[in-house]
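Student: Could we go through this structure together? I am new to it and would like to begin with the overall layout.

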Amino acid sequence: MATITRRVLFVGRFQPFHHGHQEAILYILREAEEVIIVIGSAQKSHEMDNPFTAGERIMMIQGALNSKGVEATKYCIIPIPDSSMHVLWTSQVIAYCPDFDVVYSNEPLTRCLFKEAGREVKPIPMLQRDIYCATEIRERMLHDGNWQQLVPFSVVEVIEGINGIQRLKDLVQSDSPFPTKR
């Protein structure tokens with residue numbers, strides 16, 4: 001019989017939270033009693049790569065997990081700002097979070113930093129990474145593509161409720177007379 005890990009860490013920017021993130025958390029919860037969901041780059045919003053606030057991302061995650069029947073006692077969400085030095089970031093995460101046993105991540109820098117900090121790091125199976133990718137979703141939003149199928153319905157509700165598509169489109173505008181490449 002497999003051993004269940006008590007508490008684990010999962011880091012992401014969730015710009016926006018999508019089906020790939022949701023499936024990763026459901027996978028993690030099959031191996032752990034509780035997951036700490038760290039919202040990375042928590043200080044960032046209203047940027048092309050980071051259009052949503054930490055609070056908006058919390059609402060996306062809570063709604064998505066609630067729709068899947070995940071009890072609120074099975075996870076906690078902690079927004080953590082970036083650090084000016086990568087090696088200090090892991091110490092900052094450890095200081096902000098309850099104690100955890102394992103870090104789940106596929107992101108190379110996150111994996112490297114936590115391994116160097118002496119933490120066990122495990123990979124997560126990826127769900128169709130070519131489409132379940134926040135960059136792809138933001139691009140579809142900008143070009144009026146079908147992004148809604150890539151995110152849980154509760155995320156669609158949050159984005160529509162904050163007029164997130166228009167925010168994203170406003171962010172790529174320029175007041176320069178010289179066209180820029182995206």
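Student: In what order do the strands form the open sheet?

Tutor: The order is S3-S2-S1-S4-S5, with 5 strands in an open sheet and parallel pairing. Strands (E, at least two residues) and helices (H or I, at least four) are DSSP runs numbered from the N terminus, and two strands pair if DSSP finds at least two bridges between them. This is a predicted model, in which local features need pLDDT of at least 70 and side-chain atom pairs count only at pLDDT 80 or more, while totals for chains, interfaces and linings use all residues. Residues are numbered from 1 along each chain as its sequence is written, and side-chain values use heavy atoms, with hydrogens and water left out.

Student: How many bridges join S4 to S5?

Tutor: There are 3 bridges between S4 and S5, and these strands run parallel. Tyr 104, for instance, has Lys 122 in S5 as its bridge partner.

Student: And how many bridges are there between S1 and S2?

Tutor: S1 and S2 pair over 7 bridges, in the parallel sense. Phe 10 has Ile 37 in S2 as its bridge partner.

Student: Why is S1 described as largely enclosed?

Tutor: Of the 8 residues of S1, 7 are buried, so the rest of the structure largely encloses this strand. Buried means under 20% relative accessible area, exposed over 50%, and partly exposed in between (1.4 Å probe, protein chains only).

Student: Changing topic, which residues of H1 are buried?

Tutor: Among them are Gly 20, His 21, Ile 25 and Leu 29. The cover over the buried residues of H1 includes strand S1 (5–12), strand S2 (32–39), helix H2 (54–67) and strand S4 (102–104).

Student: Where is Asp 101 found?

Tutor: Asp 101 is in the loop between H3 and S4. Its relative accessible area is 38%, so Asp 101 is partly exposed.

Student: What is Asp 101 in contact with, leaving aside its neighbours within four places in sequence?

Tutor: Asp 101 is then in contact (heavy atoms within 4.5 Å) with Thr 5, Arg 6, Arg 7 and Glu 120. Asp 101 and Glu 120 are 19 residues apart in sequence, and their C-alpha atoms are 7.3 Å apart in space.
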